[in-house]
Amino acid sequence: MVKRHPTAKIKRILAHFGRGDALSERVRRTLVRSLYTQPTSLAIGALAGLCATSVVALSSDNRSLVLLSVLLSIIAITRIIAAFGLSPDDDGTSTRKLEIFYELGAFSYALVLGLIAGLSLLLRVGPQLEVLMIANSLCYGVGICARNAGRPAIALGQLALAVCPVMIACLIIGTLPFVTLAITITLLLPAMASITMNVFKVLRESISAAETSALLADRMQVLARTDVVTGLANRAGLNHAMVETLMDLPDGQMLALYWLDLDRFKEVNDLLGHPVGDRVLSEIARRLRAAAPVDATVSRFGGDEFIIFCEISSRKECEQLAARLLDEIVRPVRIDGDRLEVQASMGISILPEDGNDSDALMQRADLALYHAKVNGRNQICFYDQSMSRDLVRRREIEAELRSAIVNNELSIFFQPIVDLESGKIRAFEALVRWFHPQKGELKPDEFIPVAEETGVIVTLGNWITAQAAKAAAQWPDDVTIAVNLSPLQIKAPGAALGVLAALRDAGLDPCRLELEVTESVFLEDSQSTSHFIEVLSQAGVRFALDDFGTGYSSLGYIHKYPFSKIKVDRSFVSGPNVDRKSDAIIRAVAELGATLEMEIVAEGLETIEQVQAVRDAGCTLGQGYYFSRAVPDYLAAMLLTKERVTDDGRKLAG
Ligand code: C2E
Ligand code: CA
Ligand code: CA
């Protein structure tokens, strides 16, 4: 097996990152920096040299030695000042400049020291002074090799300059001890060169390995903070950016947090597959990045949620950016020639208005997003304090809902559905009510969504069906009962069997039960929905499509499933947006009903004019306060009795 050299491995890693040059420059800088570390050792060396040469110069009283000694002092002092003054940590000083400066000082110092030592020998200044200088230059040469091994050229150059003049002087003098010394010095040079090179290699490799692992660690951190699909920051990246931004935020600076959630993105994944879903996400990520300010943090928070976080100067600017971001999303996405339309809901919180830390901002933008979704999606919603109050109330409702069933706080009210021709009650819709001991009467719009979110709707729904069936069993056979079903109830295991069991227990004929579903039932998991509808309609249960006109109003569902009724949403009948268009829509739906033999119910009838209008438009049934509000079971029974009694009276009279 070929064993790779560690440096080869390092080079491979560097090549992988394409940063080899940058790295070797960093290694080089670290090595050059080693020349400047511990300036004290440099100062001690210089002082030792100065003392020795001064002693020799003064004792010998030779002019050349005195001059050289003065020169050495000047060089030494300059170097000491420079060593303390030039900071290798200051990135302004280039590596090359530091190196040249060090080389000049080091070489001139070593040369002058060597010259003083050599000259002292040639001038035969006396055995003690000669020993002092030989020892000084040799010690300096050997010591400096170890100290400066990080730059071997400098280290070996200094050694050669410090000892060669001594070696030459020894040869000139030519006595046996001096020639022996000259030979020793000659052998010392290659020996020191080899030692220095070894130390250098070890140094370089360890620095290089340390640098590489630092680079790898940096790279890992970047990866850990990046989303693989879109290349945006992920949750960790967002947290990190938020902490950093908030830490250096100047006083009074505003920040905005935009939390975006793509509407019904699950359908894109389910219908077209995850690879296409990923491409849509990438394209949206690219658009958001391009539309957001340069210094904004744009992140994918997971799934189909994006969070954008940036400084803003005013609420107006924040609104403009929000609109721009949403515009970018709704622009159709083209994938392999297909045109996809994506919509999104957005919740926004602003610092300092809505909160002062990242947790508060996130929580509030999330609440605002929830409101944007509940209000019908595809819209922007700014946080306001009432949302927090709603949340508190929702939490309370959530906590109390389960016990409400057990404590008999819930009851079913019944609202008649009337034949618009004969004026007779044909059915009652069961509508749940909660009489809370402290909060008073709670409307289903407030607690049904909570029951759906928490899954309590399954238990609650079964209870409602059972109660409604029991009440209906007391009514005449031609009066039916309509019960509302939530999507979650239909998806629950054994849902169809549960309904059939409730009918059996109450002794109610299945054809007297009508289940009202909205289009949202068909959006998810159509298989279990189809099964549910199939099993129950075979047993005789009927289905009504509720709130028609508020969702997709797809004719596909009407075609696919056996609906016996369509309930036109009350927004087409009463309320501020009713106009000629709504009338035209009701007429069209009524015509459709007549052709397909389905009954059309107009909801929300409050006045005689509205009743006349929907009857003229072709609706067969009506429901609303004009006829009656939802009433308790005994009043519903009374309404029926009254109707029958009057009927009988009329018959008798007739
Ligand atoms: P929905 O199924 O559309 O029920 C009709 C709603 O319109 C009822 O409100 C009813 O009281 C109201 N309404 C009836 N006539 C008029 C009118 O003339 N004018 C106006 N302005 N409103 C009228 P409610 O009882 O508050 O129920 C609201 C919604 O809560 C229902 O809408 C239904 O979606 C849901 N819900 C109610 N009871 C149940 C239930 O037992 N199970 C489930 N899953 N949902 C329920
Ligand atoms: Ca309904
Ligand atoms: Ca309705």
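Reader: How do the residues of the shell around ligand 1 divide into nonpolar, polar and charged?

Author: By residue type: Ala, Val, Leu, Ile, Met, Phe, Trp, Tyr, Cys and Pro count as nonpolar, Asp, Glu, Lys and Arg as charged, and the others, Gly among them, as polar. Here the shell holds seven nonpolar, five polar and nine charged residues. This is a predicted model, in which local features need pLDDT of at least 70 and side-chain atom pairs pLDDT 80 or more, while totals for chains, interfaces and linings use all residues. Residues are numbered from 1 along each chain as its sequence is written, chains are lettered from A and ligands numbered from 1 in the order in which they are written, and side-chain values use heavy atoms, leaving out hydrogens and water.

Reader: Which residues come nearest to ligand 1?

Author: A residue is near a molecule if one of its heavy atoms lies within 4 Å of it. Of the 21 residues around ligand 1, the nearest are Gln415, Arg433, Arg570, Glu606 and Tyr625.

Reader: Which element gives the largest share of that shell?

Author: Helices (H or I, at least four residues) and strands (E, at least two) are DSSP runs, numbered from the N terminus. Strand S9 gives the largest share, four residues.

Reader: What lies 3.1 Å from an oxygen atom of ligand 1?

Author: A polar contact is a pair of N or O atoms within 3.5 Å; within protein, one must be able to donate a hydrogen and the other to accept it, and residues adjacent in sequence count only if both atoms are side-chain atoms. At 3.1 Å from a ligand 1 oxygen is a polar side-chain atom of asparagine 484. For aspartate 547, the distance from a side-chain N or O atom to an oxygen of ligand 1 is 3.3 Å.

Reader: Which residues coordinate the calcium ion (ligand 2)?

Author: Donors are N, O and S atoms within 2.8 Å of the metal (3.2 Å for Na, K and Ca); water is not among the atoms, so sites may look incomplete. For ligand 2 they are Glu429 (OE), Asn484 (OD1), Glu516 (OE) and Asp546 (OD), at 2.1 to 2.3 Å. Glutamate 429 is in strand S9 and glutamate 516 in strand S12 (residues 513-517), so the pair ties together parts 87 residues apart in sequence.

Reader: Is glutamate 516 buried or exposed?

Author: Buried means under 20% relative accessible area, exposed over 50%, partly exposed in between (1.4 Å probe, protein chains only). Glutamate 516 is buried, at 2%, and glutamate 429 is buried too, at 4%.

Reader: What does aspartate 546 bridge?

Author: Aspartate 546 bridges the calcium ions ligand 2 and ligand 3, which lie 3.9 Å apart.
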